[in-house]
Amino acid sequence: MMPSASVEIAFRDVRVLAGTRLLLSIAQLQLTQRRISVIGPNGGGKSTLLQLVNGLVEPTEGYVSVDGQDTVDHGRAVRQQAGFVFSNPAAQLVMPTPLEDVELSLRRTLRETSQRRSAAMRSLDELGIAELAERSSQELSSGQQQLVALATVLALKPSVLLLDEPTTLLDLVNAQRFTQQVEKLAQLHGIMTITATHDLDLAAQAERTLLIHDGEVVADGDPEAVITTYRRRSAV
Amino acid sequence: MHRAPSGVKVLVLALVTAAVLIARDPLVSAGVVVLVFCTALVARIPLLMLLVLLRRLWLVLAVLAILQLILNDPATGTEVLSRILTCLMAAQLLLLTTAPVELVGVLRRILAPLRLLGIRPGRIALAALIMLRSIPYLADSFHLGAQQARARGLERDLRARTVPLLLGAVDHARNTGRALNARGIDEA
């Protein structure tokens, strides 16, 4: 048996349509593993799958739930539990400095300004970027911005972390640093991670891998086997 | 000056602007300009940074001057232009000595009464913050668009230079909205 996280994500009879075009169709899917990777060609439905989990995309038909909570009926609660990091770091930060951006995340949960500040500082410190706290966000490198984006999400102590091609726009050193931090903190806080990626080495480190192609899960299971299937299907 | 509360600075600017506009007297305007320059000197702001405004706005100012000369006599024209320039100088001083995010804070306080009408000032403040953040991004993509157009030999083609910029802006806006939504943030 694979080790389980404490969270269960369930898809039931899910279909997502854009107009008449079918973006994703999943009849049955249960996700419980700590580390899950999602691979497949561009436009195949990886992002849609991830965004279904925190209710950013609502299923046209069927249901998605996180720990029994429906992502449509309890959208806000689900989004608090499931944090999301996008591939474009710049679009995720809105405040002038990293510290203020993390504080913005905490606005709802911590009313007290000084508590908010120290919690935000802790969150940056945990990712090893405390020295960036007061710098101007727009002057940070993409790698640093992506770590700040991660901090804004982890500050809310999610139980699930959805990562949509988080290292695509980063150089090798920053990509490795990012995945190491995710790995370390997910382990430490028992966070389930679902990572959509084109980096097959990264995908191989998961406990379970899904291959999404043309809006369907075409392979699911052991990473090695699923990646082999993907390589075979993609051979030109 | 940099450390003065931003709310006070905005209030003083409003009062000075009102005084200049109501007085309609070039002497008052000249006095305010001297005052602005003195304040800038005390705050250790090079006067050049204030005057750079003239270079940026020279076209608008020239058109105004010509219109005034056609429609009014030179005396009135001078008086109108001097008022406009004075107000702009005072506003420029405020911008040079205040962090944009502080101005957004002032905006939120000014808008606070709107809460009674069911409008949330925090939302307007968030929109203002996003706008401020987007300016460098848009400037970058404008630059990039120009380079891409040049690479294709289309530097004189208005469409090749503007369409990618517009599409990029819409895309950036959607990504920003999605990221804020994921974080559950709808006000600042």
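Modeller: In this predicted model, the C-alpha centres of domain 1 and domain 2 of chain B lie 30 Å apart. The domain assignment puts domain 1 at residues 6-98 and domain 2 at residues 111-183 of chain B.

Chain B is built from eight helices and has zero strands. Read from the N terminus, its elements run α-α-α-α-α-α-α-α. Along the principal axes, the C-alpha atoms of chain B fill a box of roughly 55 × 50 × 35 Å. Of the 188 residues in chain B, 14% are buried. Among the contacts in chain B with a separation of 6 or more, 65% join residues 24 or more positions apart.

B:Arg24 sits in the loop between α1 (6-23) and α2 (26-42) of chain B. Its C-alpha atom is separated by 6.9 Å from that of B:Glu79, although the two residues are 55 residues apart along the chain. B:Arg24 counts as partly exposed, because it has 13 C-beta neighbours inside 10 Å, and a residue needs 20 or more to be buried.

Next comes the contact with the partner chain. It takes 18 residues from chain B and 20 residues from chain A. On the side of chain B that touches chain A, α7 (121-151) and α8 (158-183) each supply at least two residues. The largest share of that side comes from α8(B), with nine residues. By type, the residues on the side of chain B that touches chain A divide into 10 nonpolar, five polar and three charged.

Now for chain A. Chain A has eight helices and 10 strands. Its radius of gyration is 18 Å, which agrees with the value near 18 Å that a compact globule of 236 residues would have. The C-alpha atoms of chain A fill a box of roughly 50 × 40 × 40 Å along the principal axes. Buried residues make up 45% of the 236 residues in chain A. Of the contacts in chain A with a separation of 6 or more, 67% are between residues 24 or more positions apart.

A UniProt record, an unreviewed entry, places the feature "domain: ABC transporter" at residues 9-236 of chain A. The end C-alpha atoms of that span lie 35 Å apart, and the span is 38% helix and 27% strand.

Within chain A, helix α1 (residues 46-53) is mostly covered, with eight of its eight residues buried. After α1(A) comes A:Gly55, which has a positive phi, near 75°.

A positive phi also turns up at residues of chain A that are not glycine. Most residues other than glycine have a negative phi. A:Lys157 is not a glycine, yet it has a positive phi of about 50°. A:Lys157 lies in the loop between α5 (142-154) and β7 (160-164) of chain A. This residue is partly exposed, with 14 other C-beta atoms within 10 Å. A:Glu165 is not a glycine either, and its phi is positive at about 45°. The loop that holds A:Glu165 runs between β7 and α6 (172-189) of chain A. A:Glu165 counts as buried, because it has 20 C-beta neighbours inside 10 Å.

Strands β9 (residues 208-213) and β10 (residues 216-221) of chain A pair in the antiparallel sense over five bridges. A:His213 stands opposite A:Glu216 in β10(A). Two residues lie between β9(A) and β10(A) in this hairpin, and A:Asp214 in the turn has a positive phi of about 50°.

Technical notes. Residues numbered from 1 in each chain as written. Chains lettered and ligands numbered in written order. Predicted model: local features only at pLDDT ≥ 70, side-chain atom pairs only at ≥ 80, totals over all residues. Contact = placed C-beta atoms within 7 Å. Helix = DSSP H or I, 4+ residues; strand = E, 2+ residues; numbered from the N terminus. Nonpolar A, V, L, I, M, F, W, Y, C, P; charged D, E, K, R; others polar. UniProt positions renumbered as here; feature names shortened; annotations may be inferred. Buried ≥ 20, exposed ≤ 12 C-beta atoms within 10 Å, placed from the backbone. Pairing = 2+ DSSP bridges. Domains from an automatic or database assignment. Rg over C-alpha atoms; globule rule 2.2 N^0.38 Å.
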